[in-house]
Amino acid sequence: MAEDKAAAILAALGGKGNIVEIEPCITRLRCEIEDGSKVDEAALKTAGAHGVMQQGTVVQVVVGPEADTIASDIEDLL
Amino acid sequence: MSIRVLSPVSGLAAPLSEVPDPVFSQEMVGPGVAVKPNGGSACAVAPVDGTMSTLHPHAFVVTTDDGSRAVLVHLGIDTVKMEGAGFAPHVVKGERVRAGQKIVTWNPSEVEQQGYSSVCPVVALEVGRQALSDVTDDAGVSAGDPLFTVDS
């Protein structure tokens, strides 16, 4: 299940080609991306995000305490 | 059963809504209380008995023994950017801790000097606001004083 969540979040961030860097921080994924317009906020929330904050190419996806696990699952998919 | 959550730091308890980070002020990861710490070097303590399930230099999560509740303590805002400088943890991830046990030595004054807020959100992760009671969010507290109670 956790892997599915990671895959859904990755897809909603525009896929692996759009990811520059993903860093977990306790409750959120701090993501640097290539193209901010490819981020699908609704899909991120469907994937389980509690909130999404985007400023240009920096997106913070609030996923709760499993951020570390999800980030490593996403790293595995990259 | 309910769990008493202790203040990790000495300072002034305030509503979480005053924290300058929407993740906390909008309760995206759960309800809680913020504590504006007193200045000077201090040791943040564990808010509850349990296991150190996540440990970063600037933030940690203690999960209760039955796994039903987890409490996050975040030492300052955006302090991940300090990359651990000025934070000295005394425990390791996975370690059993007791409420009130010393966890991380840090200096809120230095955090402020670096341009970050030193306010400490204390959050009951992934529960509804109604799970909280006996909330102290407008008074001075010492590290180890009760901040709120969370249903379990």
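Here are some notes on a few residues and side-chain pairs in this predicted model.

1. **Ground rules.** In this predicted model, local features need pLDDT of at least 70 and side-chain atom pairs count only at pLDDT 80 or more, while totals for chains, interfaces and linings use all residues. Residues are numbered from 1 along each chain as its sequence is written, chains are lettered from A and ligands numbered from 1 in the order in which they are written, and side-chain values use heavy atoms, leaving out hydrogens and water.

2. **A hidden serine.** Take a look at B:Ser7, in the loop between β1 (2-6) and β2 (11-15) of chain B. (Strands are DSSP runs of E, at least two residues; helices are runs of H or I, at least four; both are numbered from the N terminus.) Is B:Ser7 buried or exposed? It's buried, with a relative accessible area of 0%. (Buried means under 20%, exposed over 50%, partly exposed in between, using a 1.4 Å probe and protein chains only.) Leaving aside residues up to four places away in sequence, B:Ser7 touches several others, including B:Val35, B:Val141 and B:Leu147. (Contact here means heavy atoms within 4.5 Å.)

3. Side chains of opposite charge can pair when their charged atoms come close. A search over all chains turns up 9 salt bridges. (That's a side-chain nitrogen of Lys or Arg within 4 Å of a carboxyl oxygen of Asp or Glu.) One of them joins A:Glu41 and A:Lys45, at 3.7 Å from N to O. A:Glu41 is partly exposed at 37% relative accessibility, and A:Lys45 is partly exposed at 42%.

4. **A bridge between loops.** B:Asp49 and B:Arg98 form a salt bridge, with their closest N and O atoms 3.7 Å apart. The pair links distant parts of the chain, 49 residues apart: B:Asp49 is in the loop between β4 (42-45) and β5 (50-56), and B:Arg98 in the loop between β9 (96-97) and β10 (102-106).

5. Which residues join B:Asp78 in a network of salt bridges? They're A:Arg30 and B:Lys81. The closest N and O atoms of B:Lys81 and B:Asp78 are 4.0 Å apart.

6. **Rings.** The structure holds 1 aromatic pair over all chains. B:Phe87 and B:Trp106 are stacked, 6.0 Å centre to centre with 15 degrees between the planes. (Rings of Phe, Tyr and Trp, using its six-membered ring, pair if their centres lie within 6.5 Å; planes under 30 degrees apart count as stacked, over 60 as edge-to-face, the rest as tilted.) Both B:Phe87 and B:Trp106 are buried.
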